[in-house]
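Have the model open while you read.

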Amino acid sequence: MMRETGRLLLGIQARARFAAYSVFGRKTDCAAEFIKNRDSYILKSPDGTLEVTVSGGKLTYSAAVGKTPVIEPSEIGLLVQGGVNLGEDAVLGEPKTDSREEIRRDPDTETDITDRHINYIFPVRSKKFRYSLEVRIWNDGFGFRLLFDKNTGLLVAEPTQFNVPGDTVCRYQTDLKKMQGKTLTKKTSALPSGEIFSCMTAFEFPEKDIYTMITESDIENYPGMALRSLGAGKFKVELWDTDKFFIKGGKTPWRIITVCRSLEELVRCRVITHSAAPSSGKIYENTEWIRPGKSAWSYFIDEEHSRRFEKIMEFNALAEQAGYEYNLADSGWRDWARTERGAFKKVKELVDDAENRSVGIWLWQSAMDRVWFAPYRRRFFKNCQRLGIKGIKLDHIESETQFMTEFYRRFALEAAEHKLMVIYHNPQKPTGLRRTFPNVMSMEAIRGLQCKADADNDTILPFTRMLGGNADYTPLCFSVPRCLNEVSICHMLASAIIYNSAFFTVSEDPSILKAHGLDSFVSPLPVIWNETHVLPGSKIGELAIFARRSADTWYLAVFNGSQGEKNINLPFSFLSGGKKYEAELYTDDLADQRGFNRVKICVTGADSSDIAMRPSGGFAAVFREV
């Protein structure tokens, strides 16, 4: 806890200053502070550049970076039984304030990351209700939520709004169930009224290098949120998958607005993760059983036979030869015998064969197939642990009701009790679950190869969806025409670098990768990246250029959109100065969509390379220190 060290009264304004200490007892260089002006409070980020204003009366908030408004005055509300809106006639008390700097180990970078924020908790009186408004501000975003007394029972709808300046550019999609819709781009002022957008909805401020996103985090005992457009840049919370519901005490989810001032800051933004509750309990004290890795997957290959027992056994051997840690038995394993018990016996054969090859087995399960029923779910987990299964791919969720958002949490926790990792397919948006439940390795919630490759979407999603963390894009399947679509093989190679996932599903047949000479690139490809940079020339919707480091090895990847050929010069300045690297470069064959060129050269950080890409093409490279 932080300690109050002083308060200075300035006329009718009051500025509160608190000394800030990290969780390790070190003093930070930022002070928690606010400025009060009548019934409004101006709150600042640790670096002072992001300001959030909270006002009473009609409870509202707004935000600005310098003189640029990023959120115009917007209502915070909660409609309870009897038609009472807790945001009406709201009287704000002076907030309890603290600054924090927490350093923790990040499983997805295997480095220490810093969560530096200022927290404000306002006591609020609204008619006969009392509650608290919590506002948390980072340098790259802020969030707010309502906190209730444990004895409060509420029947809820939520009129909270997000009003965005109309001169911004909005990127959104409307698949509320799966987040697999194609990303649409419109001037915010031209957005239609009445349409519902799925989070995460992003905005770009032209010529100001400001990028914002509206989403949510840390959902507990609450349904998921979408955004209903009210037109002209105004949005309200849409609890799209629920009617009236009860919450007893507790809190609303964090309503999150990320605010980044460069593409580099954007891809490093961790506000969604930071705002989620940390893991707790003895089951997460020892996490050696949680092991990232690549998995073979037969699902896209030879569809007629891809789910048969013999095919999955074949992929055990292919995973071993490719050096993958896992093999995924997808939907269809229940058909390996007449009964579930018989099917589990076949799964046991699969696991035994895989263990002899030092490969772990993941098993598919539908959320609609009884696992929502606690006794069956516990029996299923017990069987999986007994057989030696390493993880579960839970599919067909497609819901954000209060029951289903709690189901995500129950499933992850109970899986951990049986030392099982989890990935979620056809799920809600990412909301920081991986921080609370470290065995949640990845979530789909992305327009991946299941929907076919889309070059233009690929130049957007790294700057929108990927702010939520790992995405099971299932990259690399260029041998299936419907997956490859119009993109080049080098574009596909780039997707394996840019779309990160701690459980990395390789959707191509490993023997086909080997036949094309690509196994030497894919097999050693990391799934944990210690460092990531967005390189100059990147532009959302046109070009994405990423450099990523794992240990002493660097990878470079480029997505080109569909608008035409591009010729760019790529500097290698991200490489350590003075060191020599052997670079293996993969470039498009401009005359053949399925062709590529591979060259090896020796380079340093002072070098660069001219790259030509097809429309919907790409580029990939690996740099190994000599």
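Lys393 stands opposite Ile423 in S28. That pairing belongs to a run of four bridges joining strand S27 (residues 391–395) to strand S28 (residues 421–424), and the two run parallel. Keep in mind that this is a predicted model, where local features need pLDDT of at least 70, side-chain atom pairs count only at pLDDT 80 or more, and totals for chains, interfaces and linings use all residues. Residues are numbered from 1 along each chain as its sequence is written, and side-chain values use heavy atoms, with hydrogens and water left out.

**The sheet as a whole**

- Seven strands make up an open sheet with parallel pairing, in the order S29-S28-S27-S26-S25-S24-S30. Strands here are DSSP runs of E with at least two residues, helices are runs of H or I with at least four, and both are numbered from the N terminus; two strands pair if DSSP finds at least two bridges between them.
- Strand S29 (440–443) and strand S30 (503–506) sit at the edges with a single partner strand each, so one side of each has no neighbour in the sheet.
- On average, neighbouring strands of this sheet are turned by 25° against each other, direction ignored.

**Around S25**

- Strand S25 (residues 326–329) is covered on both faces: Tyr326 and Leu328 are buried on one side, Asn327 and Ala329 on the other. Buried means under 20% relative accessible area, exposed over 50%, and partly exposed in between, with a 1.4 Å probe and protein chains only.
- Strand S24 (residues 293–297) pairs with S25 in the parallel sense over three bridges, and Trp297 has Leu328 as its bridge partner in S25.
- From S24 the chain goes through helix H3 (residues 309–322) to S25 in a right-handed β-α-β crossover. Right-handed means that, with the strands pointing away from the viewer, the path from the first strand over the helix to the second runs clockwise.
- S25 is also joined to strand S26 (residues 360–366) by four bridges, again parallel, and Leu328 stands opposite Trp362 in S26.
- The crossover from S25 to S26 passes through helix H4 (residues 340–356) and is right-handed.

**Tyr499**

- Tyr499 lies in the loop between helix H10 (489–498) and S30, and counts as buried at 1% relative accessibility.
- Setting aside neighbours within four places in sequence, Tyr499 is in contact (heavy atoms within 4.5 Å) with residues including Ile446, Leu461, Met466, Tyr473 and Phe559.
- The Tyr499 side chain makes a polar contact with the side chain of Asp458 (2.7 Å). A polar contact is a pair of N or O atoms within 3.5 Å; within protein, one must be able to donate a hydrogen and the other to accept it, and residues adjacent in sequence count only if both atoms are side-chain atoms.

**Aromatic pairs**

- The count comes to 37 aromatic pairs. Rings of Phe, Tyr and Trp (its six-membered ring) pair if their centres lie within 6.5 Å; planes under 30 degrees apart count as stacked, over 60 as edge-to-face and the rest as tilted.
- Phe463 and Phe546 have ring centres 5.7 Å apart and planes at 45°, so this pair is tilted. They are 83 residues apart, with Phe546 in strand S32 (residues 543–550).
- Phe463 is buried at 2% relative accessibility, and Phe546 is buried with a relative accessible area of 4%.
- Trp333, Phe344, Tyr376, Phe380, Phe381, Phe407, Tyr408, Phe411 and Tyr424 form one aromatic cluster.

Terms used
Axes are lines fitted to C-alpha atoms, for helices over the stretch in contact, and angles run from 0 to 180 degrees between N-to-C directions.
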